[in-house]
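Here is a short briefing on helix packing and sheet layout. Please look over the sequence and the structure first.

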Amino acid sequence: MKRWNERWHVKYKKHSLINQVCEYRNLEEAFKAVRANQGAPGIDGVTIEQFEQQLEQNLREIQRQLKERRYSPQPVKRVYIPKANGGQRPLGIPTVRDRVVQQALKNILEPIFEPIFLNGSYGYRPGKSAMQAVARAAGIVGRGYWWVVDADIKGFFDNVDHEILLDLVNEQVSDGTVLKLLRLFLESGVLKGDTLEETPTGTPQGGVISPLLANIMLNHLDRRLGEEGYILTRYADDFLIHCMTENGARKALARTTEILEKELHLKLSPEKTSIRPIRQGVDFLGYNISMTNRVVLKPNQKSNEHFKDAIRGKTVRAYTVPLVRTIQNLAPTMRGWGNYFQLTTYIHPINRMDSWVRRRLRSCALRRRMVTAENYKYSNAYFENLGHVTLVSLWNDKRGVPPPKRVGGSERRGGPSLVGKTDIRPRAVYGNTVRTVL
């Protein structure tokens, strides 16, 4: 009996990968990556610094257990972080030892699967970023795709079917030891306080290898929709399907729902999934993408509020902190937000946010609310002389993203148009034969 994904299994699969995984040099590189990412200790309480004190001994022990096929992952530690909607997002923190092994697996598996991932996938991939995903989406809108399916998968990381995921890994990998090791990580369990819970489904957010496994899972959705001519821009489990008409968007949503439920045993989130014309604006990865006589990108309302909350926390009027120190504390937040939102089409939203930050600084300087008549006491130049980083200066630098292409028309104030900007033109068919859509 043929498997459900039989036609995607390659003829010559990768085998004997466990020997590459447990090579000492690979384990060393894996530890370096784990150390660079930092992170809290797992259930055993061992920190990265403590693990490093006996690094060679620890790595040799891991290597021995992997070679003898006796390696057993420990349960992950359950912690919660706040979500934007007021809820809590569960994270699973593996032990340092398990993180090293997961990274070693990732080092070997990622080069195998990267070539089969489609161009519209941007989440957790080397050389890809959220900014590139936004730029691609804006470019496709500029080519006439004025309807979008804005979709989000409900509880994706908690509902991944282990059998389906391992079948998808098996399309390229035939090493039974590696597949068994992946299963052990997936089924290692979660420790909540003193209670150990089994994990019959899902892959813990916080695991080193979880993002790669997520892309392997959702690559099936990419290729199935690509076969039928749909164009996706996806970042992890958050994606847009670009369509030219409302009817086309409805068909795309119905087909996506069918593929997810029947083939991947996943569901779309009704609250976060919608069909809308781009002229009404769609939020994607912190940006709002809309259309007037050109494609317009700007920070969405949620991004603005998060930024303001971060600035408020660092500009409390009651703090007796020198102004120059406050400006230094603001710099990382200003640079991070300003660099990410360099794709903003017009300067006006950036200017407004800069003005708001300066008002906060003036309030800190006077230890009370500012009034407009007192602006002369603390001019814009005064703050810049103290080293204040402005969002406008970052926006003008356009750092981190190549200059967007212009599509005719006169030069306009507010920066170059993003119409037509894509890193790679979308493809409609997955497989040996592909045709360019745009």
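Helix α4 (residues 55-67) packs against helix α5 (residues 96-113) at an angle of about 60°, and their axes lie 11 Å apart. That angle makes α4 oblique to α5, because oblique covers what is left once under 35 degrees counts as roughly parallel, over 145 as roughly antiparallel and 65 to 115 as roughly perpendicular. This is a predicted model: local features need pLDDT of at least 70, side-chain atom pairs count only at pLDDT 80 or more, and totals for chains, interfaces and linings use all residues. Residues are numbered from 1 along each chain as its sequence is written, and side-chain values use heavy atoms, without hydrogens and water.

**Helix pair**
- The crossing of α4 and α5 is right-handed (near helix turned clockwise from the far one by less than a right angle).
- Leu59, Ile62, Gln65 and Leu66 of α4 make the contact (heavy atoms within 4.5 Å) with Arg97, Val100 and Val101 of α5.
- Five of these contact residues are nonpolar, one is polar and one is charged.

**Sheet**
- Four strands form an open sheet in the order β6-β7-β3-β8, with antiparallel pairing (at least two DSSP bridges between two strands).
- β6 (231-235) and β8 (274-277) are the edges; each has a single partner strand, so one side of each lacks a neighbour in the sheet.
- Neighbouring strands are turned by 20° against each other on average, direction ignored.
- β3 (residues 147-152) and β7 (residues 238-243) run antiparallel and are joined by six bridges.
- Asp150 stands opposite Leu240 in β7.

**Helices on the sheet**
- Helix α6 (residues 130-141) lies across β6 and β7, at about 160° to β6.
- Helix α10 (residues 210-227) also touches β6 and β7, and its direction makes about 165° with that of β6.

Technical notes. Helices (H or I, at least four residues) and strands (E, at least two) are DSSP runs, numbered from the N terminus. Axes are lines fitted to C-alpha atoms, for helices over the stretch in contact, and angles run from 0 to 180 degrees between N-to-C directions. Ala, Val, Leu, Ile, Met, Phe, Trp, Tyr, Cys and Pro count as nonpolar, Asp, Glu, Lys and Arg as charged, and the others, Gly among them, as polar.
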